Every structure is written in structure tokens, then in C-alpha cells.
Amino acid sequence: MANLVLKTDFPDLKLAGRGKVRDIYDLGDALLIVTTDRISAFDVIMNEGIPDKGYVLTQISAFWFRQMEDIIPNHIISTDVKEFPAACQKYAEILEGRSMLVKKAQPLPAECIVRGYISGSGWKDYKATGAICGITLPAGLVESDKLEEPIFTPSTKAELGTHDENISFDKMVEMVGRETAEKVRDVTIAIYKRARDIADTKGIIIADTKFEYGMYDGRLIIIDECMTPDSSRFWPKDSYRPGGPQPSFDKQFLRDYLETLDWNKTAPAPPLPDEIVRKTGEKYMEALVRLTGSGK
């Protein structure tokens, strides 16, 4: 646990903000995004970190961003710390492997979720209404069923400590305009389909995932992270059985543990046993190794 990074403190750099997982520094014409080992569940940041989690998320995002460059440009300027501005170099040891120098985009005010399987909040919506985000689905689906076609189900971007809310596509049109909403929907589904096919060859089912987009020089680009175990449900293909929850390579393992506790899903977070921390870290690392062929 000696190398755990729960929070960065770079006095020579201008801190722009801290999210649930990332610390963001404003470098003037670019941003420095540092992915820490913090982990959140139900929009609450846990007190414990997950070893190497920041490294895993950064490497997986970089892998997927490269795979999707012909579909949509991304925000990465560099992931090589040696290419970062001089002011960053004294922090190189912390930054190595867990940071990105990125373009300063104007984020869209929605998270863009695509679902290829019915799980999580989508399964709860379906059981209650027969639909997800207003999209009616066939009757008789069971938990974790594969959908005939992936569906686009956006949500609001919640403030830290509050919950995202699913919204309809029409609501997203109101927020960003029809042209942008349609482009985001089409790009999201195209990225998902390609990633689903790549992951399938590596024994992973990507059940659902979420993306964030921004505008940069008048163009839509993909920002933040890309199909990591934090933003996606990754299931092992060889144990996939519809009809209930699936084992996973993501933080669903942590969520499942938290669901067994008498906890109201608001801060403060309950303490995590060492075994839960260790197993969560192993699942993240296994996702990286399976997808990219290399760990740390």
C-alpha cells in the first residue's frame, strides 16, 4: 500500500478541481489529469484506495482512445510524462503511468450511457416500467439479458456527492441541441459496438459503459475516461449466464459487498475490509491484462 495515491498536492501547479477519482490541474492552454487510487460507489468516495487503480484506469483509457480515433478524436495530448510541461517534471514519479496531458474542452452537461445488456439501474427501470429511459423493450427479458441492439440512455451529470439521474433523449436534445445530441448518440453506439467486438475476442463482455464528450475548437471530442472498470460493467464471457447478476472485472464487486451492509449509501462511507480492497484491485488489474496483454 506504500505507493497508494489518494490525493495529489502539487503546490507549483494550479488545482482546477478534484472529482471522485481524478485531480485536475490547469496548465493554461492544457489540463493535467491525474487518476488517483480513490474509488467511489453509489456516488460516495470510499476512505480506502485500491492499489494501482489509477494506473489501470489510465492505461485502459489510453488503449481504447487509440482504438477509436477514426470514429471520434479524443482529448489526449500526451501520456508520456517526459513530454509534459517543465513545471510537471518534479512530480514525475507520482505522475508516471497515471496521468494525461489533455486538451481544454468545454464538457457537455450529460453523461452518455450505452447499454448492450440489461443490468443495474436499467434492470430496475425495466422491472418497474418495461422501459429504460423511455425506451420500451420487449417483454420477458431477464436480468443480464443481451439486448437485440444497444440502446443510448443519457443521464445528468451529478454534483459530487449526489446521484446521476437517467434522462430521455428528448431531454438531452433540450440540453445540447438536436444536432449535437444525435451525433453523440450515434458516436456512442459506434464506439460501443467496436469495443464490444474487441473485448469479446479477449473473453470480456462489456455490458454497458458511459462516455463524456466536450467541444474543442468547434468539434466534438471524447474526454475524461474511456471504457474503464469505473465507467463500465465488464463481465467474464466464460461464466455469462442470463437470469441474475454476473461476476465482474469492475467495481460491481465492491457495490455487491456494500449492498450487504446496513448503509444508506450516503457519506460517510463504511470502512472496507482488506480482502475487499485486495480483490477489487485484482479485478481491475485482470481487466487491464486481458484487454491489453500487459499489466504493470
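**Exercise 1. Disulfides**

Count the disulfides in this predicted model, and say what keeps Cys 112 out of one.

*Solution.* 
- Step 1: apply the cut-off. A disulfide is a pair of cysteine sulfur atoms within 2.5 Å. The count is 0 disulfides.
- Step 2: check Cys 112. Its closest cysteine sulfur belongs to Cys 133 and is 12 Å away, too far for a bond.
- Step 3: check burial (buried means under 20% relative accessible area, exposed over 50%, partly exposed in between; 1.4 Å probe, protein chains only). Cys 112 is buried at a relative accessible area of 0%. Cys 88 is also buried, at 0%.

Ground rules for every exercise: residue numbers start from 1 along each chain as its sequence is written, and side-chain values use heavy atoms, with hydrogens and water left out. The model is predicted, so local features need pLDDT of at least 70 and side-chain atom pairs count only at pLDDT 80 or more, while totals for chains, interfaces and linings use all residues.

**Exercise 2. Overall fold**

*Solution.* 
- Step 1: count elements. Helices (H or I, at least four residues) and strands (E, at least two) are DSSP runs, numbered from the N terminus.
- Step 2: The C-alpha trace spans about 60 × 45 × 35 Å along its principal axes.
- Step 3: Of the 296 residues, 51% are buried.
- Step 4: look at contacts (heavy atoms within 4.5 Å). Among those between residues at least 6 apart in sequence, 64% join residues at least 24 apart.

**Exercise 3. The largest cavity**

Give the volume of the largest cavity, and find which helix gives the most to its lining.

*Solution.* 
- Step 1: On a 1 Å grid over the protein atoms alone, a cavity is a set of points where a 1.4 Å probe fits but cannot get out; lining residues have an atom within 4 Å of a point. Grid points are joined across faces, edges and corners, and a volume is the space filled by probe spheres set on the points.
- Step 2: count and size. There is 1 cavity of 30 Å³ or more. The largest cavity holds about 50 Å³.
- Step 3: assign the lining. Strand 3 (30-35) and helix 1 (53-67) each supply at least two residues. Helix 1 gives the most, with 3 residues. Lining residues include Arg 22, Met 100 and Asp 224.

**Exercise 4. Backbone exceptions**

*Solution.* 
- Step 1: Most residues other than glycine have a negative phi, and most peptide bonds are trans.
- Step 2: Pro 268 lies in the loop between helix 6 (252-259) and helix 7 (274-292).
- Step 3: Asp 43 has a positive phi of about 65°. Asp 43 is buried at 15% relative accessible area.
- Step 4: Met 227 has a positive phi of about 50°. Met 227 is buried at 0%.

Note on methods:
1 Å grid on protein atoms, 1.4 Å probe; cavity = no way out; pocket = protein on both sides within 12 Å on 5 of 7 lines; lining within 4 Å.
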